[in-house]
Amino acid sequence: MNPIATEEQARFEREALAVLADPRMQQTIEDRRAYWLDKAQPSPAMRRAFEWAYPEVAFGAILWSLNTDPQRPAVVTITRLPHKLGDLDVPGTRWGIDNPDSVYRVIPIDGAERYVIRGSVPDPRLTENYFTLWNAHMGTVDVLDGKSLVLDAQGNFEIFVDADEKGDRANHIRSSPEAVEFYIRDVVADWARERPNMLTIERLGGAPKTAERSFDQKVADAQAMLIRNVDSTMRWNAQATTKAANGFDFTIDRDSDGALRNQIYIMGHFDLKPDEALVIEVGLGGADYFLAPITNIWGTTNDIMHRTSSLNLTQAVRDDQDSLTFVVSERDPGLWNWLDPCDMPEGLLTLRWAEFASGRPGEGFGARSRVVKFDRLRDELPAGTKWVTPEERRAQQAERAASYAWRIAE
């Protein structure tokens, strides 16, 4: 069974399509469209990307907002690609500078209530898996590292969620009055072999204490979330776009504003001429997990399924055990570690490191970048760089697409 394509997920996606069709929601979508374009003043390339990215941002806000009732919690996957649900076309839900490796699931929580999350882990276990409990401002209340889960002989687990001490319970996350939501990241580094955990949620304590929201209230909640998400995206982008292009000068190492505790992010943006390429040298510093993903200014990744617009340690070729070199260029430079900007000369990169053996980055950690002439790349790259023919590129892309397909299958 696909841990993402659950009956519960399908129910929420169908309801989200009903909210999307509501005239009031459509009016807000059009209003925010004009607002965002006026604020962003995008280049022609980014303006073209807006036409497919913004519908995902809007539908993502609708889907997420529907699962915000802590009396009736569900496990809902957000940040998916467009897919089919029977005969229905379901829009994508990417938003928020998404990580293409991550399966993001949300569960609403009331800090005064008690819950139990049940699930099972796959074989092989995930490189990275975190259950983060957030407050209303995406600040961390508590985090459970999936590697520390106590399992039964079949790989099943229960996580108790309440404001009490852990006591003798095997798995526990301590909530508090400000807790509102679980944001669960299952990081699938090997797209072909790894799968996310199976998850369900149960609120303990009997029947819901409040009436279910009306459809009108759900539309209003979706409108509010879309307005908030558009403004948040512009604020997050400014962390990189207000710095000089083609450098990596903004480091996120915290557990607020949606960032993951235990992960280090370095952001930058690129802006290249047709005859230029950006060379990025990465030091892992002992990290077991690293990802280089390109996003647009609308906060979504580009064509992550069919093109190498993101590369992690399973997908990239290392220079040596602790370093890698990537190239960003609009044209295919013919090397394996090409970060493909999908026909755009500009974009953002949010480099991610995690799972350090000592808990913190070691020697050599970081990213250095330089702009070089495209036709000088062979002179600028390490001697052992893996180059590819056009046929090998097509094979790389085909393998990538096949390894991703299960995530949008029903």
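This is a predicted model: local features need pLDDT of at least 70, side-chain atom pairs count only at pLDDT 80 or more; totals for chains, interfaces and linings use all residues.
1. Five strands make up an open sheet with antiparallel pairing, in the order S1-S4-S10-S6-S7. The edge positions go to S1 (76-78) and S7 (140-145); each has a single partner strand, so one side of each has no neighbour in the sheet. From one strand to the next, the twist averages 25 degrees.

2. Residues 102-108 (S4) and 181-187 (S10) run antiparallel and are joined over seven bridges. As a reminder, sheet strands pair through backbone hydrogen bonds, in either a parallel or an antiparallel way.

3. What packs on the sheet? Helix H3 (residues 44-66) does, and it touches S1, S4, S6 (128-134) and S10. The direction of H3 makes about 160 degrees with that of S1.

4. Now the inside. The largest nonpolar core has 51 residues, and Ile62, Trp64, Leu226 and Trp298 are the ones with the most contacts within it. H1 (7-21), H2 (23-40), H3, S1, S4, H4 (215-241), S12 (247-252) and S13 (263-271) each put in at least two residues. H3 shows up again here: its 14 residues are the largest share of this core.

5. Trp64 deserves a click. Leaving aside residues up to four places away in sequence, Trp64 touches Ile78, Trp95, Val106, Trp134, Met138, Glu181, Tyr183 and Met225. There is also a second, separate core of 25 residues, with Ala287, Ile294, Leu351 and Ala367 among them.

6. Next, the backbone. Most peptide bonds are trans, and most residues other than glycine have a negative phi. Where does a cis peptide bond turn up? Asp123 and Pro124 are joined by one, with omega at about 10 degrees. Pro124 belongs to the loop between S5 (114-120) and S6.

7. Two non-glycine residues with positive phi are also worth a look. Ile97 has phi near 60 degrees and is found in the loop between S3 (88-90) and S4. Asn246, with phi of about 70 degrees, lies in the loop between H4 and S12.

8. Ile97 is at 8% relative accessibility, so Ile97 counts as buried. Asn246 is at 15%, so Asn246 counts as buried too.

Terms used
Residues are numbered from 1 along each chain as its sequence is written. Side-chain values use heavy atoms; hydrogens and water are left out. Two strands pair if DSSP finds at least two bridges between them. Helices (H or I, at least four residues) and strands (E, at least two) are DSSP runs, numbered from the N terminus. Axes are lines fitted to C-alpha atoms, for helices over the stretch in contact, and angles run from 0 to 180 degrees between N-to-C directions. Contact means heavy atoms within 4.5 Å. A nonpolar core is a set of buried Ala, Val, Leu, Ile, Met, Phe, Trp, Tyr and Cys residues joined through side-chain atoms within 4.5 Å. Buried means under 20% relative accessible area, exposed over 50%, partly exposed in between (1.4 Å probe, protein chains only).
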